[in-house]
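Visitor: I am new to this structure. Please pick one part and take me through it closely, from its neighbours to its ends.

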Amino acid sequence: MRKEILRKCVVTNQVMPRDNLFRIVKLPNNSIKIDYSYRTNGHGVYLKKDAEVVKLAQSKKVLDRLLETKVPEEIYQEMLRYLWAIGK
């Protein structure tokens, strides 16, 4: 039996299975992307897959501070589109 991988959301500080979180990565070339494979090299932070949490992270600029760069609006929009598509 495989051990469940747990990570902490940077907004809510909840520890939960990695599958319930987005991983946002700052790549070595300073670009930002959402890592759906959880394996991309770079500095990553985890965000709960919840629309309210995504909006809160955007309004408080949590990801900007932690990744030390401006996170594009498109990243937040992509997360919200994903959540809308899966019905959360």
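Guide: In this predicted model, helix α1, residues 51–60, packs with helix α3, residues 73–86, at an angle of about 170°. Their axes lie 10 Å apart. Angles over 145 degrees count as roughly antiparallel, so α1 is roughly antiparallel to α3. On the α1 side of this contact are Ala 51, Val 54, Lys 55, Ala 57 and Gln 58. They meet Glu 73, Tyr 76, Met 79, Leu 80 and Leu 83 of α3. Sorted by class, the contact between α1 and α3 has seven nonpolar residues, one polar residue and two charged ones.

Next, the two faces of α1. Val 53, Val 54 and Ala 57 are buried. These residues cover an arc of only 100° around the axis, so they sit on the same side of α1. An α-helix has 3.6 residues a turn, so residues three or four places apart point the same way. The buried residues of α1 pack against α3, and also against strands β3 (21–26) and β5 (43–48) and helix α2 (62–67). Glu 52 and Ser 59 are exposed, and they are carried on the face of α1 turned away from its buried side.

That leaves the two ends. At the start of α1, Asp 50 has a side-chain oxygen that reaches to within 2.9 Å of the backbone nitrogen of Glu 52. After α1 comes Lys 61, whose phi is positive, near 55°.

Technical notes. Residues are numbered from 1 along each chain as its sequence is written. This is a predicted model: local features need pLDDT of at least 70, side-chain atom pairs count only at pLDDT 80 or more; totals for chains, interfaces and linings use all residues. Side-chain values use heavy atoms; hydrogens and water are left out. Axes are lines fitted to C-alpha atoms, for helices over the stretch in contact, and angles run from 0 to 180 degrees between N-to-C directions. Helices (H or I, at least four residues) and strands (E, at least two) are DSSP runs, numbered from the N terminus. Angles under 35 degrees count as roughly parallel, over 145 as roughly antiparallel, 65 to 115 as roughly perpendicular and the rest as oblique. Contact means heavy atoms within 4.5 Å. Ala, Val, Leu, Ile, Met, Phe, Trp, Tyr, Cys and Pro count as nonpolar, Asp, Glu, Lys and Arg as charged, and the others, Gly among them, as polar. Buried means under 20% relative accessible area, exposed over 50%, partly exposed in between (1.4 Å probe, protein chains only). The arc is that of the directions from the helix axis to the C-beta atoms. A polar contact is a pair of N or O atoms within 3.5 Å; within protein, one must be able to donate a hydrogen and the other to accept it, and residues adjacent in sequence count only if both atoms are side-chain atoms.
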